[in-house]
Amino acid sequence: FTKCCQETGLLMVVKCRQENTALKDCVVGYYSDPSFYEECKAEYLKQREEYRATGIKKKRQKFTSNV
């Protein structure tokens with residue numbers, strides 16, 4: 001999806017529909033998985049606990065694209 005959008009620019013709304021649909025299907029699969037939800041929730045609560053104890057925000061992890 002990212003590659004399609006970078007290559008097409010403003011026309012991405014029209015030209016990248018198939019890629020967008022595939023991306024949505026993938027994300028919905030993760031959102032509907034209860035074990036993944038609990039894993040994310042546990043990670044968030046751990047980070048929140050660390051922040052409340054130290055007052056120091058943890059830097060966000062930057063993801064590299066697979067392009």
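Cys4 and Cys16 form a disulfide, with their sulfur atoms 2.0 Å apart; the term is used here for a pair of cysteine sulfur atoms within 2.5 Å. A disulfide is a covalent bond between the sulfur atoms of two cysteines. By that cut-off, the count comes to one disulfide. The link of Cys4 and Cys16 is left-handed, with -95 degrees about the S-S bond. Cys4 lies in helix H1 (residues 2-8) and Cys16 in the loop between helix H2 (12-15) and helix H3 (17-31), so the pair ties together parts that are 12 residues apart in sequence.

Keep in mind that this is a predicted model, in which local features need pLDDT of at least 70 and side-chain atom pairs count only at pLDDT 80 or more, while totals for chains, interfaces and linings use all residues. Residues are numbered from 1 along each chain as its sequence is written, and side-chain values use heavy atoms, with hydrogens and water left out.

How well covered are these cysteines? Cys4 is buried, at a relative accessible area of 11%, and Cys16 is buried too, at 1%. Here buried means under 20% relative accessible area, exposed means over 50%, and partly exposed is in between (1.4 Å probe, protein chains only). Cys5 is also buried, at 14%, but its sulfur is 4.3 Å from the closest cysteine sulfur, in Cys16, which is too far for a bond. Cys26 counts as partly exposed, with 44% relative accessibility.

Now step back to the fold. The protein chain has four helices and zero strands, running α-α-α-α from the N terminus on. Helices (H or I, at least four residues) and strands (E, at least two) are DSSP runs, numbered from the N terminus. Of the 67 residues in the protein chain, 4% are buried. Its accessible surface comes to about 6,700 Å², and carbon and sulfur atoms account for 55% of that; such areas come from the Shrake-Rupley method with a 1.4 Å probe, and for residues only the protein chains shown count as cover.

On that surface, Phe1, Leu23, Val27 and Tyr31 make a nonpolar patch of about 400 Å². Patches are made of residues with over 30% relative accessible area and no salt bridge, where like charges are joined within 9 Å and nonpolar side chains (Val, Leu, Ile, Met, Phe, Trp, Tyr) within 5 Å. A salt bridge is a side-chain nitrogen of Lys or Arg within 4 Å of a carboxyl oxygen of Asp or Glu. Leu23 sits in helix H3 and is partly exposed, at 39%.

Finally, the mean pLDDT (the predictor's confidence in each residue, from 0 to 100) of the protein chain is 85, and 87% of its residues reach 70 or more.
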